[in-house]
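Dear colleague,

I am passing on the structure we spoke of, and below it you will find my notes on what turned up when I went through it. Please read them with the coordinates open beside you.

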Amino acid sequence: MAKSRRNAVDKLKTLLFGKDLRVTEGEPYTEVREFDFSSYYPEDKYIYNQSSPNENVYDIRDYGADIENKDNAQFINKAIEEAHCTGGMVLVAGGDYFSSTVTLKSGVTFFIEKNSSITARPDGKGFEDKKALIFAENESDIVLTGGGKLKCNGHLFGLRPVAYKNNTEPAKYIDVIEMRQDYRSQLRFAHKSKYGGPVSMKNCSNITVDNFIIENSAYWTFKLSNCETVNIKNFIINNNRNVANADGIDIAGTSNVNISHCFISTADDGIVIKNAVWLGNNNAMHDIHITDCEIISRTNAIKVGTETTYDISNISVTDCRLFMTDLYPGSVSGISLEACDGTVLSNVRINNIIMDRCTCPIFIRLGNRNRASAVNAQSANAIEFGAKAEKGGELSRKLFGGKSRISDIIITDVKATGIELPIMIAGYKQKGKIKRVENITLKNIFTEYADIPETVDRRVFIPEYAKVYPESWRFRNLPAYALWIRHAENIIIDNFICNHRQKTWKKDIIKEDVI
């Protein structure tokens with residue numbers, strides 16, 4: 001329980017901060033609790049009425065699909081094969097169809113009619129190879145549309161949370177240690193039966209998603225790996241906000257992506273940009289543009305990182321609303337920009353962002369975790385699918401060690417209310433060497449603290465945390481409330497205001513090793 005001041009015993013207990021409340025054993029916990037899903041769900045704002053096609057149509061019912069079948073994958077895949085030959089449209093209409101993995105082909109438009117769906121088999125079987133409900137590899141010119149849904153039964157593949165109910169009340173005191181524990185206690189960590197996620201596309205090009213809904217994911221919801229030219233709009237992801245590791249859109253090693261007018265509510269990162277060798281990525285990625293989106297995330301609404309080995313550049317995020325409803329604590333961060341495994345992250349433009357209850361509004365973190373030397377493709381995700389992680393890294397420690405950089409970031413016109421941590425910008429010092437975040441501009445930034453007193457938690461020094469998982473909560477209760485900067489160069493602050501109504505032991509701005 002958070003308190004006004006930490007005594008000596010409390011401080012000793014903080015040594016256990018790295019200990020986790022991760023549940024690893026037990027039977028699947030299938031109850032849907034109140035507030036698992038957001039009370040704010042604006043479907044009519046994002047999904048429009050769309051007429052069913054009448055030419056070059058391949059209706060899955062003509063191939064044997066039936067709402068009474070236990071698994072319709074073979075019938076749906078047969079329709080896709082024939083539509084692939086003519087550049088046709090596969091029609092899903094007439095209700096909810098249970099299925100295991102459906103494999104899309106080039107030139108196919110997959111049309112799920114409004115009030116119809118493809119629903120993941122509730123036993124999790126039939127997904128072993130692809131670990132996805134919808135899968136495509138080495139294909140092009142794919143369209144997902146129609147206004148219907150993928151229903152993914154994510155709540156069936158997790159373990160009982162530590163907490164007996166979801167927390168809908170703010171803490172008495174702002175205390176990051178308690179905040180993290182409270183959040184972790186509400187999560188449903190993966191049961192070994194977890195089948196995968198709703199959509200996975202690898203090495204594909206010219207992907208269009210327009211007027212489409214995915215709900216209740218068990219894992220990464222929409223995964224794009226090594227793809228090229230992706231357009232996503234009028235799109236909804238509505239997940240159980242306590243299903244661990246249920247990201248919204250994962251853009252991994254994928255370039256030329258446009259995401260606009262989307263609503264995402266999920267347990268893990270809302271939109272996350274990654275580029276890591278252990279994910280199968282193999283080259284620099286560039287040109288990711290996100291605009292006019294509403295994102296509810298229990299972790300980071302929009303993030304670059306955590307898995308970053310190859311370079312990432314030319315990112316824009318504009319006109320977005322990032323927020324949390326119903327649950328406490330709020331999102332870990334609104335915008336998180338990270339480079340810790342070898343990536344050079346550059347040329348990022350963020351403008352006109354409204355945030356509410358994102359505990360850390362902006363987190364910019366340069367580190368040297370160098371994870372490619374510690375994990376491989378199997379071990380990185382082994383625990384999520386009931387496997388034992390193999391030992392050994394993907395690549396030599398020397399290949400990406402100390403190579404990460406962050407530079408040329410411009411963030412303008414941000415209004416963030418209900419924050420509980422300062423904006424954080426941090427490079428690192430390791431083995432006597434300093435690596436600085438470079439060329440950052442913050443302009444027209446307004447932040448307002450949650451009207452809650454803060455636990456007094458003074459520390460002699462703030463550790464570097466250069467080699468650990470990069471996250472704003474890792475730094476705990478910092479001694480600044482508006483802006484904390486360490487190991488940085490050429491930081492421009494123009495028109496920055498932070499309102500803090502409570503009496504506080506913290507300074508407004510702290511700069512350490514800033515040149």
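Leaving aside its neighbours within four places in sequence, which residues is Phe-222 in contact with? Please keep in mind throughout that this is a predicted model. The contacts of Phe-222, with those sequence neighbours set aside, are Leu-144, Val-199, Met-201, Val-209, Ile-214, Ile-232, Phe-235, Gly-248, Ile-249 and Asp-250.

Phe-222 also belongs to the largest nonpolar core, a set of 123 residues in which Phe-110, Met-201 and Phe-222 are those with the most contacts inside the core. The element that gives the most to this core is strand 28 (residues 480-499), with 10 residues.

Helix 3 comes next. It covers residues 73-86, 14 residues in total, and reaches 20 Å from its first C-alpha to its last, close to the 20 Å expected at 1.5 Å a residue. Its buried residues are Ala-73, Phe-75, Ile-76, Ala-79, Ile-80 and Ala-83, and because these cover an arc of only 165° around the axis, they lie on the same side of helix 3. On the other side of the helix, Gln-74 and Cys-85 are exposed. The cover over the buried residues of helix 3 includes strand 1 (57-59), strand 2 (89-92), strand 3 (96-99), strand 4 (102-103), strand 5 (109-112) and strand 6 (117-120). After helix 3 comes Gly-87, which has a positive phi, near 65°.

Glu-307 is found in strand 18 (residues 300-308), and with a relative accessible area of 7% it is buried. Its contacts, neighbours within four places in sequence again left aside, are Trp-220, Lys-274, Asn-275, Ala-276, Trp-278, Leu-279, Asp-341, Arg-369 and Arg-371. With one of these, Trp-278, the side chain of Glu-307 makes a polar contact of 2.9 Å. Glu-307 and Ala-380, although 73 residues apart in sequence, are 10.0 Å apart in space, C-alpha to C-alpha.

Lastly, the aromatic rings: a search of the whole structure finds 15 aromatic pairs. One of them is formed by Tyr-40 and Phe-263, an edge-to-face pair at 5.8 Å centre to centre with 75° between the planes. This pair links distant parts of the chain, 223 residues apart, since Tyr-40 is in the loop between helix 1 (8-13) and helix 2 (43-46), while Phe-263 is in strand 15 (residues 255-266). Tyr-40 is partly exposed, at a relative accessible area of 27%, whereas Phe-263, at 0% relative accessibility, counts as buried.

Another pair joins Tyr-219 and Phe-385, whose ring centres are 4.9 Å apart and whose planes stand at 75°, so this pair is edge-to-face. Finally, Tyr-40 and Phe-263 return as members of one aromatic cluster, which they form with Tyr-41, Tyr-46 and Phe-323.

With best wishes

Note on methods: Residues are numbered from 1 along each chain as its sequence is written. This is a predicted model: local features need pLDDT of at least 70, side-chain atom pairs count only at pLDDT 80 or more; totals for chains, interfaces and linings use all residues. Side-chain values use heavy atoms; hydrogens and water are left out. A nonpolar core is a set of buried Ala, Val, Leu, Ile, Met, Phe, Trp, Tyr and Cys residues joined through side-chain atoms within 4.5 Å. Buried means under 20% relative accessible area, exposed over 50%, partly exposed in between (1.4 Å probe, protein chains only). Helices (H or I, at least four residues) and strands (E, at least two) are DSSP runs, numbered from the N terminus. Contact means heavy atoms within 4.5 Å. The expected span of a helix is 1.5 Å times one less than its number of residues. The arc is that of the directions from the helix axis to the C-beta atoms. A polar contact is a pair of N or O atoms within 3.5 Å; within protein, one must be able to donate a hydrogen and the other to accept it, and residues adjacent in sequence count only if both atoms are side-chain atoms. Rings of Phe, Tyr and Trp (its six-membered ring) pair if their centres lie within 6.5 Å; planes under 30 degrees apart count as stacked, over 60 as edge-to-face and the rest as tilted.
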